[in-house]
Amino acid sequence: MTEADKKILERINGYANDVMGEIDPQKVPVSEQLEKLRPVMEQIAGEQGISLEDMFIRYMDLQSEASCITQQKLTDSLQDLNQGEGMPILFR
């Protein structure tokens, strides 16, 4: 992920924190979540000279990539805990 990608993701996620507050993403359909993010995505799409649809796709790709990175960091940190004695910590 490039620095520009990180900035876009931080910008959208910051906006999301402001407009979505404490919603449960597991209970609110993705379409509703994306609709709430529409204003910031339209703004970024305009700045980037891309369509709104392309911005939505880019955002979803960046979120997926960030999620994979976070997941790998968690897996790696739990692996360190399994080095000692006792029951291993299982993680899927």
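Visitor: In the chain, what share of the contacts with a separation of 6 or more comes from residues 24 or more positions apart?

Guide: This is a predicted model. A contact here is a pair of residues with heavy atoms within 4.5 Å. Among contacts in the chain with a separation of 6 or more, the share from residues 24 or more positions apart is 48%.

Visitor: Which helix has the highest confidence?

Guide: The mean pLDDT of the chain is 87, and 86% of its residues reach 70 or more. Confidence is lowest in helix H3, residues 52–81, at a mean of 87. The highest value, 94, belongs to residues 30–48, which form helix H2.

Visitor: Is glutamine 33 buried or exposed?

Guide: Glutamine 33 lies in helix H2. The cut-off for buried is under 20% relative accessible area. Glutamine 33 has 16%, so it counts as buried.

Visitor: Which residues does glutamine 33 touch, not counting those up to four places away in sequence?

Guide: Buried residues make up 23% of the 92 residues in the chain, and glutamine 33 is buried. With residues up to four places away in sequence left out, glutamine 33 touches Met20, Ile23, Pro25 and Val28.

Visitor: How does methionine 60 count by relative accessibility, and what is the value?

Guide: Methionine 60 is found in helix H3. Partly exposed covers the range between the buried limit of 20% and the exposed limit of 50%. Methionine 60 therefore counts as partly exposed, at 36%.

Visitor: What is the C-alpha to C-alpha distance between methionine 60 and leucine 9?

Guide: Methionine 60 touches Val30 and Leu34, not counting residues up to four places away in sequence. Methionine 60 and leucine 9 are 51 residues apart in sequence. In space, C-alpha to C-alpha, the distance between methionine 60 and leucine 9 is 9.6 Å.

How values were computed:
Residues numbered from 1 in each chain as written. Predicted model: local features only at pLDDT ≥ 70, side-chain atom pairs only at ≥ 80, totals over all residues. Heavy atoms only, no water. Buried < 20%, exposed > 50% of the residue type's maximum accessible area, 1.4 Å probe, protein only. pLDDT = per-residue confidence, 0-100. Helix = DSSP H or I, 4+ residues; strand = E, 2+ residues; numbered from the N terminus.
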